[in-house]
Amino acid sequence: MASSAQTPALDKPNPAEDWTVVLPRRGKQKRNFHKVIIHERQKQEQLWTPADIETNPERESKLMQKIQTCIRKLESSSFWLKFLDQLQTPEIFDRFLKAVGSEGKMQMVIYGIGSIESYEPPRLQLSLAILMKRMFSWIGEVEVFDPVISLAESRVLTALGCSVLTVNEQGRRQALRPTMFFMPHCDAELYENLLEANWRHDLLSNMTLFGNSFEAYEQHVSECKILKLADSRKHILAIRQFVKELPIDSRKQIVAIRQFVKERSIDPFSDDLFRSFHGSSWHFFDIDSHSNLCDAKP
């Protein structure tokens, strides 16, 4: 997933309006307090609009056809059947039901999808999310964001039933309700931001994450033994003791991918399906009110 592109620059705000100082209400001056300073420029830079605003019905129709073809191709593959089988095993499905709880629905947030118009892996990743949404009634609204999304892509995503965010959250969405974060092949920085923003047992308990293997990050840091690298993965490393990780790249999944390749006579080294999902895992956060996150905090 492409997630490193920069948010389009906005006009420089009026320096006179650059800072807002929020003071306590009258009658509370005797309380100890810290002045809360809000940098208006930072607030404005979070707002997002597509950089590519050129679109027309023909371009959108062509993209929609690509997505629909991709969905059909994935749905008929042995990979999807094996993926679906894994989702419905008690080991995974019971964890979803526990996470959904009394809410009845789990929203899906897709970060770093990349350009679904330009590349097949982002289309396959989106297709997988859409098929999951169609299959399971407990998956609620689907929200999508990547700073590279064009206006045409945004309109197609909306037509597919997704909501495109207008704010670049930098991966810092708090899971105030049950939330599946769908983030295969995102940059480690996004996972770090997500964990940092949810570093409370009640928030982490609401989260389910589909993305890069945290175990693989830990192994890589251990092998490299570079302090700077470890520091840039500190939340990923610290949360490992509270995570149940279930990789999709099991032997059955690898066999399914190879079968998918064989069925279509595709070179396995250039297979988009493999490149879309290899190394991905489900992450379930086993956190309760007695878990000592303070000791684990990096």
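In what handedness of crossing does H2 pass H6? Right-handed. A crossing is called right-handed if the near helix is turned clockwise from the far one by less than a right angle, and left-handed if anticlockwise.

First, the ground rules. This is a predicted model: local features need pLDDT of at least 70, side-chain atom pairs count only at pLDDT 80 or more, and totals for chains, interfaces and linings use all residues. Residues are numbered from 1 along each chain as its sequence is written, and side-chain values use heavy atoms, with hydrogens and water left out.

Now the overall picture. The chain has 14 helices and nine strands. Those are DSSP runs, numbered from the N terminus: helices are H or I, at least four residues, and strands are E, at least two. Of the 298 residues, 47% count as buried, meaning under 20% relative accessible area with a 1.4 Å probe, protein chains only.

Back to the helix pair. H2 covers residues 57-75 and H6 covers residues 151-159. They pack at about 55°, axes 9 Å apart. Axes are lines fitted to C-alpha atoms over the stretch in contact, and angles run from 0 to 180 degrees between N-to-C directions.

Who touches whom? On H2, Arg-59, Glu-60, Leu-63 and Met-64. On H6, Ala-152, Glu-153, Arg-155, Val-156 and Ala-159. Contact means heavy atoms within 4.5 Å.

Last stop: Ser-280, in strand E9, residues 280-285. Ser-280 is buried, at 1% relative accessible area. A polar atom of its side chain lies 3.0 Å from the backbone oxygen of Phe-277.

How values were computed. Buried means under 20% relative accessible area, exposed over 50%, partly exposed in between (1.4 Å probe, protein chains only). A polar contact is a pair of N or O atoms within 3.5 Å; within protein, one must be able to donate a hydrogen and the other to accept it, and residues adjacent in sequence count only if both atoms are side-chain atoms.
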